[in-house]
Amino acid sequence: MNTLLEVRSGPAYYACKANVLETLEAKLSKANIRKVLVIHGRKSWKVAEPFFPSFENIETIFFTYDGECSDPEIERVKKSALEQGVDALIGIGGGKLLDLAKSAGNSLQKEIILIPTLASTCAAWTPLSVIYDDNGSYVRYDIHEKSAWMLFIEPGILLDSPIGFLRAGIGDTLAKWYEGNALVEKLATKSVCIELAHMAARQCQEVLLTYGEEALADLEKGKWTDSLKRVIETNIITSGLVGGFGDQYLRIAGAHSIHNGMTSITQTHHLLHGEKVAYGILVQLMLEGKFSEIKQLIPFYQVLKMPMTLFDIGLTVEHRAELQEIAAHSVKEGEGIHLLFPDINREKVTAAMENLEVLTTHASTSMD
């Protein structure tokens, strides 16, 4: 691990309120921005369009992305932005689209404005992009020099988001504690910034375990409540602060490596990013020998319908080749799991998944 701690706290401006996008043109004009490239997906634009203002003095170019934050797609966005001569990029969508906007914008040294349509990751806050290939398999993650310039959360947009994405966001954000705390436990001393990141990670866990179930119920009813706002802001902001202040010391560890391994097989492609990470938390805890923490999480996972068994992720104990493939990809050189377990190998991860199956299957049977 590189010992240098680099702190990137987050966007320069953040606002969350009804009709917040009505303020966008004034802020762009004040910064002398006259032309923007609006990057969006087909589904995300359908949801966001009713809330997006008609600019009077700013030219708008719309760009529909192909569904992946991949190197070819980043180049396609950059080419469009250069050909059109835009001053800034606006990203409207889920985590992959926001990561795409950040990658292109940072490469072009253009200002980036983000409008999330899902509360499933901290992508709207963090100066980081996860890069996949065109088939959706994980390739790497890039850390950018700059965070987004502005972040706008429009409650009306997120109230129209699928409940599964909020659930996935809860799974992804829970990992901030279980991965971050495991890494901090290995540090002899903690700097002020690492302590701040550690506190943010703990708050992620506390808020989600307290309000997660209620927030999902409120979203299903289409009600913007304090519980729902707390969980959404925790998924986006508090989660982003963990990596922003903690950098590599609290960013990712075992759970995300298991996620990365899971992207290598087609059986798990029905799961969202955060759902894979949620399963990865349990595998990491199994590798750490923290069985009591797994048992504490199981009731929460059951209520929220988080994946915790092989059946939940599309496999069975007979799929040993697939389990070994997940394990092999999760322990590749450069994976965060090595920060926790320097001597980790495919066999140990496979055994952890098999042992987890015994524990979680027994717990599920006991609850029936």
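Guide: Buried means under 20% relative accessible area, exposed over 50%, and partly exposed in between (1.4 Å probe, protein chains only). The model is predicted: local features need pLDDT of at least 70, side-chain atom pairs count only at pLDDT 80 or more, and totals for chains, interfaces and linings use all residues. Residues are numbered from 1 along each chain as its sequence is written, and side-chain values use heavy atoms, leaving out hydrogens and water.

Visitor: Asp247 forms a salt bridge with Arg251; are the two residues buried or exposed?

Guide: A salt bridge needs a side-chain nitrogen of Lys or Arg within 4 Å of a carboxyl oxygen of Asp or Glu. In this pair the closest N and O atoms are 3.0 Å apart. Asp247 and Arg251 are both buried.

Visitor: How many residues apart in sequence are the parts tied together by Lys96 and Glu68?

Guide: The two side chains meet in a salt bridge, N to O 2.9 Å. Lys96 lies in helix H4 (residues 95-108) and Glu68 in the loop between strand E3 (59-64) and helix H3 (71-84), so the pair ties together parts whose separation in sequence is 28 residues.

Visitor: How many salt bridges does the structure hold?

Guide: Another pair is Arg346 with Glu347, whose closest N and O atoms are 3.5 Å apart. Arg346 is partly exposed because its relative accessibility is 35%, and at 49% so is Glu347. Elsewhere, salt bridges that share partners join Glu6, Arg8 and Glu145 into one network. For the structure, the number of salt bridges is 17.

Visitor: At which residue does helix H11 bend?

Guide: Helices (H or I, at least four residues) and strands (E, at least two) are DSSP runs, numbered from the N terminus. H11 covers residues 291-304, 14 residues in number, and among its buried residues are Ile294, Ile298 and Phe300. The bend, the angle between axes fitted to the seven residues ending at a position and the seven starting there, is about 30°, with Pro299 following within four residues. The bend lies at Leu297, itself buried.

Visitor: Which residue takes a positive phi just after H11?

Guide: Leu304, in H11, is buried. Just after the helix, a positive phi of about 60° is taken by Lys305.

How values were computed. The expected span of a helix is 1.5 Å times one less than its number of residues.
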